[in-house]
Amino acid sequence: ANSAKLTYVTTWSSIVQSVNALGYSPENIGGENYLDKILNFDVSQCDASMCIAILKTLQGKDYAPVSYTAEAVVQKLLQEQAEDGGFESWGSSNVDVTGDALAALAAYRHMAGVEDAINKAVNYLSQLQKEDGSFGQNAAYPTSNADSTGRALLGLASVGIDPLTDERFIKDNNNIIMALLNFQNEEGAFEYSGSSSSYATVDAMQGLSAYVRFLEGQEGLYDL
C-alpha cells in the first residue's frame, strides 16, 4: 500500500466525524464514501494515530467494521505503546498521541490488555506534567502548550480521571485546568507560541468539553 495514501485515514475520520456531528450522512461526501474506506481499511498498516482515528470513527455511531474487528485495531494500538507508557509518534512517546489514545481506548476497557495500557499511559502523563499543571509534547519538545495540555485533559477525562482531585495531577497546588485556561487570550482563542491558534483552540476545547461531559456523566466526546 502507498504510505502517503495510508495517512488519509486520519483525514477521512475527521471528515466523517464532522459530517456526523452536523447530522448528515458520511456515505456520500462529494461523491466519496469515506466511511466505507475506513470500515474496509487495512489495519495491519496502522500506526498509533491511524488506529486512534479508526476507533474514534467506530465509536461515533457504533459502526461495524467490514474487513477487520474493533479488537484487532485495539490490539494494534496497544503494540504502539512504548516502555514508558506513552504512545508513540515518529518513534518517541508523545503526550498528544497518548491523550488521544486514552480517549480512543476508553470504550474498550473490557478487552484484553486495555486496562493495563490505560494505567501505564496515565502514569506517563503524570510524570510528564509540569509544576504549573501544563504539558509539553514530550521530552524532546518540552515547551508547555495548549495543544498538548488540552489533549492530555481529553484523555484523562475520557477514562474517568478528575485532574482536580486526583493527586497524581496536582503539582505544587496547580492543575491542568488552570494551566490550560492560562493559554486563552482576550480574543477567546488559545495560543501557541504566543499567538492565537485554531489548532490549539480546538485541542483546548475538546479537552474542556470532555471534562464537562465527564462531570455530567455523559458519554465520551466521540459518541455521537
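A pocket is an open set of grid points with protein on both sides within 12 Å along at least five of seven lines, and its lining residues have an atom within 4 Å of a point. In this predicted model, the second largest pocket is lined by 24 residues, with Gln59, Ala106, Ala107, Glu219 and Gly220 lying nearest its centre. Its volume is about 380 Å³. Helices H4, H8 and H10 each contribute at least two lining residues, and the lining of this second largest pocket comprises 15 nonpolar, five polar and four charged residues.

The largest pocket holds about 1,200 Å³ of space. Its lining counts 43 residues, and Ser49, Asp96, Asp100, Arg151 and Asp203 are those nearest the centre. By class, 18 of the lining residues are polar, 15 nonpolar and 10 charged. Among the elements that each supply at least two residues to this lining are helix H2 (8–21), strand E1 (87–89) and helix H6 (95–105).

The largest nonpolar core has 62 residues, and Ile54, Leu58, Tyr68, Leu77 and Leu125 have the most contacts inside it. Beyond its sequence neighbours up to four places away, Tyr68 touches several residues, including Ile38, Phe41, Val43, Ile54, Leu58 and Val73.

Asn94 belongs to strand E2 (residues 92–94), and it counts as buried because its relative accessibility is 4%, where buried means under 20%. A polar atom of the Asn94 side chain lies 3.1 Å from the backbone nitrogen of Val97. Leaving aside neighbours within four places in sequence, Asn94 is in contact with Phe87, Ser89, Tyr124, Gln137 and Asn138.

Key. Residues numbered from 1 in each chain as written. Predicted model: local features only at pLDDT ≥ 70, side-chain atom pairs only at ≥ 80, totals over all residues. Heavy atoms only, no water. Core = buried A, V, L, I, M, F, W, Y, C linked by side-chain atoms within 4.5 Å. Buried < 20%, exposed > 50% of the residue type's maximum accessible area, 1.4 Å probe, protein only. Contact = heavy atoms within 4.5 Å. Helix = DSSP H or I, 4+ residues; strand = E, 2+ residues; numbered from the N terminus. Polar contact = N/O pair within 3.5 Å; in protein donor to acceptor, adjacent residues only side chain to side chain. 1 Å grid on protein atoms, 1.4 Å probe; cavity = no way out; pocket = protein on both sides within 12 Å on 5 of 7 lines; lining within 4 Å. Points joined across faces, edges and corners; volume = space filled by probe spheres on them. Nonpolar A, V, L, I, M, F, W, Y, C, P; charged D, E, K, R; others polar.
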